[in-house]
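Me: I'd like to learn how to read disulfides in a protein model. Could you walk me through them?

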Amino acid sequence: MSDTTHEGVRQGGKSILGPVSGGLALIALMASVLITVPGRAQDLSGAPALAVPIDCPVGRAGETECLIHAFVDHDLSSDVADHRCQARTYNAVQKRGRGHQGVDMGVLDWTAWTRDIPILAAADGVVGGRRDGMADARNTKGSLKDEVRQRACGNSVRIEHGNGWHTQYCHMKRGSVRVAAGEDVKRGQVIGMMGSSGMSSYPHLHFQVMTRKGGELLPVDPYSGTFNTRACGERQRPLWTDEAAKALPYAAADILKLGFTTKRPDFTDLALEDRAMSVIDISGRAPVYAFVLHSGVPRGGAVRLKVTAPDDGRVVLSGTRAVESVSLRGWAGAALTGARRFRALSDRQGRWPEGVFTLTASLVDADGNDLFSRKATVRLTRAQ
């Protein structure tokens, strides 16, 4: 990504619906550079202890208002690896490298964005730069404009914490930035509101930790305390406070949405706002689709769907899709691996009876171990 200018600073059943891989080509991309770091441990003696940077409960989709959508990518190839060597991250082409360099946390989708969610300074410091005035948008790979590419972080704040350490807060809501360049801020102080400005497809915060080395700002993973160029299994210590570590839990995989619908599932629509239906009128014999939108299944793992009928639990639809190491061509040739994906099955003949059907979605790793499962139900009825 190109350098961005902030105020006060300039820094360098039957059917599987098509290839069921996706990830809106740009969830959040950062301005910091990616270069090779010598094979030695990062000095964390002067690192700040980081508090939760968002005033919103974080957990699994459907259980809390906010969730973590992506962690830092430690794999420099076209594949991905978060700090636990799992796939809760994605690739994105940047100015001098690839790989997601921060932690994305926010609401599930646009439908869930029902209130202003404060963004908080993670530690004491001085505002080194800020930007406001960019529109909140649903930027997908087909809607990018040059001015967005040049200001991918959107409305943002960068805080200097001393000893060469910085944190950056991206994609804030237009008109919400509350601090000025050079202003002192305290841990927990509100610096703006969550939004979807810049290279963002849904409302969230991209939170990035950086430290200076040789004049460059290098990304550091707050979960492992290592540069993002270090191998995924390496670990020093988290930069989070104990309270923040508990409030920002890690999960190897998550099921974002699942259920039934009469609309042919589309990845972009599901990722942005579409939801499952709780009641479906089947009097017109329209197809009924069962779907799951998920994230984090590693290469070699699989997604399993099973639909059972009322009363006897008979399986009426089922399917398993292996997750390959997929390289998708998105905006500017971006290689996206480990991004969100969906899987769908359908009763294309519209022959299901009335009653309550259950969908079970299971995510498994390459060894067949269950990563996560969820269930959803729908009532099929015929209008009188």
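Reply: Happy to! Keep in mind that this model is predicted. Let's begin with C85 and C232: the link between them is right-handed, with 95° about the S-S bond. Their sulfur atoms lie 2.0 Å apart.

Me: Is C85 buried, partly exposed or exposed? And what about C232?

Reply: The idea is that buried means under 20% relative accessible area, and exposed means over 50%. C85 has 38%, so C85 counts as partly exposed. C232 has 16%, so C232 counts as buried.

Me: How many disulfides are there in the whole structure?

Reply: A search finds three. Another one joins C56 to C66, with an S to S distance of 2.1 Å. The torsion about that S-S bond is about 95°, so this disulfide is right-handed. C56 lies in the loop between β2 and β3, and C66 in strand β4.

Me: Why is the disulfide of C153 and C170 left-handed?

Reply: Look at the torsion about the S-S bond: for C153 and C170 the value is about -85°, so the disulfide is left-handed. Both cysteines are buried, because C153 has 0% relative accessibility and C170 has 0% as well.

Me: What pattern do the disulfides follow?

Reply: Counting bonded cysteines along the chain, the pattern is 1-2, 3-6, 4-5.

Note on methods: Residues numbered from 1 in each chain as written. Predicted model: local features only at pLDDT ≥ 70, side-chain atom pairs only at ≥ 80, totals over all residues. Heavy atoms only, no water. Disulfide = S-S within 2.5 Å. Helix = DSSP H or I, 4+ residues; strand = E, 2+ residues; numbered from the N terminus. Buried < 20%, exposed > 50% of the residue type's maximum accessible area, 1.4 Å probe, protein only.
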